[in-house]
Amino acid sequence: MAMQDAVRQPHDVVVIGSGAAGLTAALALAQTRRVLVLAKGTLTGGSTAWAQGGIAAVLDTGDTFDNHVRDTMVAGAGLNDLATVEFVIERAPQSIDRLCELGVPFNRDADALHLTREGGHSHRRIVHVDDATGWAVQSALVKAAEANPNITLLPGRTCIDFITDRHREQFSAAGRVWGVYALNEETGRVERHVAHATILATGGAGRVYQFSTAPRGATGDGIAMAWRAGARVSNMEMMQFHPTCLYNLDVKNFLITEAVRGEGGHLLHPETGRRFMVDYDPERMELAPRDVVARAIDDQIKRFGLDYVHLDISHQPADFVKGHFPTIYDKLLGLGIDMTTQPIPVVPAQHYTCGGVVVDLKARTDIPGLWAAGECTESGLHGANRLASNSLLECFVFGEAAAQDILERWDSLEPPPAILPWDESRVTDSDEEVVIKQNWTEIRRFMWNYVGIVRTTKRLERAKHRIELLKREVEEYYGAFRVTTDLIELRNLIEAADLIVKSALARKESRGLHYTLDYPEMADEPKDTVLVP
């Protein structure tokens, strides 16, 4: 077998993913270790760069850790793990300090950081960079990583599966992870990237759905890879739908941030102009948690046969609107909508994967040698619904935790054994790309219709039946043809869809983001849905 894929330079740690979680871990490790960061597509193609909102942290006088903990637990409908929530929230201010050191230009009022408020928060505690925080954070992290001689950034790598003890030259069934097999998107060759430790930071599975604010690459790769390698996965039915995504047939997945409602935006029926949130949550109205607002909009759209509803902030002064939302204002103006005088047409869209690979407070997964952080995990922070602006926070805290644990345990981490190269002796080039495209479209459509904001057992059963058929088709295809990014993503997408449906069928109640007409009541005791491979 040709050895052209042999890794040229040994690294101590492999990080999969170049967003907030992956780069935070890489920077912390690189003080003493050599780190390889693999990214599918470009280094800035993940969700971090898209985050408009901000980062939640207790920085305001009068606000307390207890308040932030309580708001997080209320949003998560009691399914959160209290120890995790406290762990993350207490580390929030120091995460913000580190980002300031990296040069993230957060908005300020005189000397203090400017804090905004979002749905579900009892206080102003969101630090932000206008309405494009994620891009500023991503840029600062990439810049710091590029400047670090101990970090190698390798974009254009689609990871296929973890290298485990099964792939050793001397076979072992122990199951420890030693790195990853990755497709070089340019050459089409599969490479081995081995290391003492591997960190998974691949983001969520939003692209399982037809309407999603997630970037093109959010196909659940890390969750599917970890599941195939033997890790438990939890709460995959808890898919967050953002209530307000721009409705525009040409521009896909442009998000209208939560903060537009936080700063006084109204949701209106597009034909009658009525503020309909009064029918669903008269006290909190537009500032109710996302699941409540998303279900209300979904109900209006289905009940009245609408394509969208209106989000209107035109009653606020024009300078106020432009000053708070420059990115959104410019984008909409380019599409012929002036948000200072006109309402914005919006629909709900899949926005965040609250479930994922089970991790502990040290970011360890069930599999020795594998740590994980960010949206691909279920740490216990979000529970049944994520509180706005807690997601980037989770990335920083758990990216740091993974790095700390690896550094503390370094002496007990063995060097990787000799690993077999990728075997493609029995495959040929694919002759039917159309199969991939057809399956991709089909999954996203039935997941939206059957496993969306409102669910029923019958709809879930229908989805399950289709997934079983597609899974067989994809596995057959995968076994016969050389891998491409599209095929790898399709295989992971169907695995993620399967995990979501299995989890949704297992939960016989409505809680947080999981809302089923067959079990509309919430059970007395909150329980995680844990799937074991």
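Biologist: How many bridges join strand 9 to strand 10?
Modeller: Some ground rules: helices (H or I, at least four residues) and strands (E, at least two) are DSSP runs, numbered from the N terminus. Two strands pair if DSSP finds at least two bridges between them. Strand 9 and strand 10 (residues 177-184) run antiparallel, and the bridges joining them number seven.

Biologist: What kind of model is this?
Modeller: Residues are numbered from 1 along each chain as its sequence is written, and side-chain values use heavy atoms, leaving out hydrogens and water. Local features need pLDDT of at least 70, side-chain atom pairs count only at pLDDT 80 or more, and totals for chains, interfaces and linings use all residues, this being a predicted model.

Biologist: Which residue in strand 10 stands opposite Phe-162?
Modeller: Strands of a sheet pair through backbone hydrogen bonds, either parallel or antiparallel. Here strand 9 and strand 10 go the antiparallel way, and the residue opposite Phe-162 is Val-180.

Biologist: Is helix 1 enclosed or open, and how many of its residues are buried?
Modeller: Buried means under 20% relative accessible area, exposed over 50%, and partly exposed in between (1.4 Å probe, protein chains only). The buried residues of helix 1 pack against several elements, including strand 1 (13-16), helix 5 (133-146) and helix 11 (391-408). Helix 1 (residues 20-29) is largely enclosed by the rest of the structure, because its buried residues number 10 of the 10.

Biologist: What is the radius of gyration of the protein chain?
Modeller: The chain's secondary structure comes to 14 helices and 21 strands. The radius of gyration is taken over C-alpha atoms, and the globule rule is 2.2 Å times the number of residues to the power 0.38. For 533 residues the rule gives 24 Å, so the chain is as compact as a globular protein of that length, with a radius of gyration of 23 Å.

Biologist: How many disulfides does a search of the whole structure find?
Modeller: A disulfide is a covalent bond between the sulfur atoms of two cysteines, and here a pair of cysteine sulfur atoms must lie within 2.5 Å to count. The sulfur of Cys-395 is 8.7 Å from its closest cysteine sulfur, in Cys-376, so that pair is too far for a bond. For Cys-159 the closest cysteine sulfur, also in Cys-376, is 12 Å away, again too far. The number of disulfides found is zero.

Biologist: What is the phi of Ala-363?
Modeller: Ala-363 sits in the loop between strand 18 (356-358) and strand 19 (370-372). At 0% relative accessibility, this alanine counts as buried. Its phi is positive in a residue other than glycine, near 70 degrees.

Notes: Contact means heavy atoms within 4.5 Å.
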